[in-house]
Amino acid sequence: MAATTPSTTAATHAPATSPAPSATPSVTEVLRTAYQKAVAAYWDNNRQDPVNLRLGDIDGLYHHHYGIGDYDPSVLEGPEDTWDDRIIEEMHRLETAQADVLLDHLGAISPSDRLLDAGSGRGGTSFMAHQRYGCQVDGVSISEYQVGFANDQAAERGVDDRVRFHFRNMLDTGLETGSRRAVWTNETTMYVDLFELFDEFARVLEYGGRYVCITGCYNDVTGGRSKAVSRIDEHYTCNIHPRSEYFRALAANGFVPINVIDLTAQTIPYWELRAESSVATGIEDPFLTAYREGSFHYLLIAADRI
Ligand code: GPP
Ligand code: MG
């Protein structure tokens, strides 16, 4: 795996790129609760998902997050035989634009920095971070299928010495304390307790390191979980947190927000386009309802670890 390490020294010297999580833990060490096992099973079995695979097949960036920005309305017009492909391409463009905005908030990153993608899916955002900064990226996922898929992509892209994916729990990454310049979660925090998560991120980040989160959260101001938000939870086996919980958990773990951006208005066009596409999954209406009624937000938070 570590192409930079001569095989003769591999046993005694750490590779120059300093691999993270050392020993591969057992399944029971990674998946500690029945809930975590259920979430892992969902993603392990989610292998025929054109809504993600058809988009990723365009350029090998397989995303597990949504899109932002206005879509080009011409994709819904013109020759019918290219209509479907043009919508798929446009959805992919909006998802890649979302990851670009996340990466824009990581701050100054140099090629010698090491980053963590917590809940790395099939690897899309990790590859974009490496492409942009030349840095080392480690991704963790509790889905062995996703880890395998993303590592195959890394090999195919010829970056497997710098971008690596590990079967690890983001609540217990196994990464060295203080080893990361930045950490992000791209729509993954709704699967975990935020206090436990940010405790782990505070551990792995260096002083002044940056954490960037894009998430869906429910609106404390409109009250509890709306019906539409509950339908999203049910669909993905997740547990969407209230907006307030993010700031409580960040503050409790020494994180100071530098940017909070409500991306809700920017993500609605993506969902409108997706609802018209051949790869719609049925979750489009609950997202559109939740966003439009104000019970749910699409939020970016960037915070520094002190
Ligand atoms: C999945 O992306 C994202 C989640 C499961 C997290 C839920 C996100 C919220 C903002 C609440 P995906 O790309 O795998 O989903 P899909 O298959 O529906 O495109
Ligand atoms: Mg998707």
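How many residues does helix α10 have, and how far does α10 reach from its first C-alpha to its last? Helix α10, residues 264-276, has 13 residues and reaches 19 Å, close to the 18 Å expected at 1.5 Å a residue. (The expected span is 1.5 Å times one less than the number of residues in the helix; helices are DSSP runs of H or I with at least four residues, strands are DSSP runs of E with at least two, and both are numbered from the N terminus.)

A quick word on the ground rules. This is a predicted model, with local features needing pLDDT of at least 70 and side-chain atom pairs counting only at pLDDT 80 or more, while totals for chains, interfaces and linings use all residues. Residues are numbered from 1 along each chain as its sequence is written, chains are lettered from A and ligands numbered from 1 in the order in which they are written, and side-chain values use heavy atoms, with hydrogens and water left out.

Back to α10. Its buried residues are Thr264, Thr267, Ile268, Pro269, Tyr270, Trp271, Leu273 and Arg274. (Buried means under 20% relative accessible area, exposed means over 50%, and partly exposed is in between, using a 1.4 Å probe and protein chains only.) These buried residues pack against a whole list of neighbours: helices α3, α4, α8 and α11, plus strands β6 and β7.

Arg274 turns up again around ligand 1. Of the 14 residues around that ligand, Asn52, His64, Tyr191, Tyr236 and Arg274 come nearest. (A residue counts as near if one of its heavy atoms lies within 4 Å of the molecule.) A polar side-chain atom of Asn52 sits 2.9 Å from an oxygen atom of ligand 1. For His64, the distance from a side-chain N or O atom to a ligand oxygen is 2.7 Å, and for Tyr236 it is 2.5 Å.

Glu187 is buried yet has no salt bridge, and the nearest side chain of opposite charge, Arg274, is 7.8 Å away. (Lys and Arg count as positive, Asp and Glu as negative, and His and the chain ends are not counted; a salt bridge is a side-chain nitrogen of Lys or Arg within 4 Å of a carboxyl oxygen of Asp or Glu.) What Glu187 does have is a polar contact of 2.4 Å, side chain to side chain, with Tyr298. (A polar contact is a pair of N or O atoms within 3.5 Å; within protein, one must be able to donate a hydrogen and the other to accept it, and residues adjacent in sequence count only if both atoms are side-chain atoms.) Not counting residues up to four places away in sequence, Glu187 touches His64, His65, Tyr66, Gln98, Ile214 and Tyr298, where contact means heavy atoms within 4.5 Å.

Elsewhere, salt bridges do form: the whole structure holds 15. In one of them, the side chains of Asp49 and Arg122 meet at 2.8 Å, N to O. Asp49 is in the loop between α2 and α3 and Arg122 in the loop between β1 and α5, so the pair ties together parts 73 residues apart in sequence. Both residues are buried. Glu90 and Arg93 also pair up, at 2.7 Å; being 3 residues apart in helix α4, they are separated by about one helical turn. Glu90 is buried at 8% relative accessible area, whereas Arg93 is partly exposed at 44%. Finally, Arg54, Asp84 and Asp85 are linked in a network of salt bridges.
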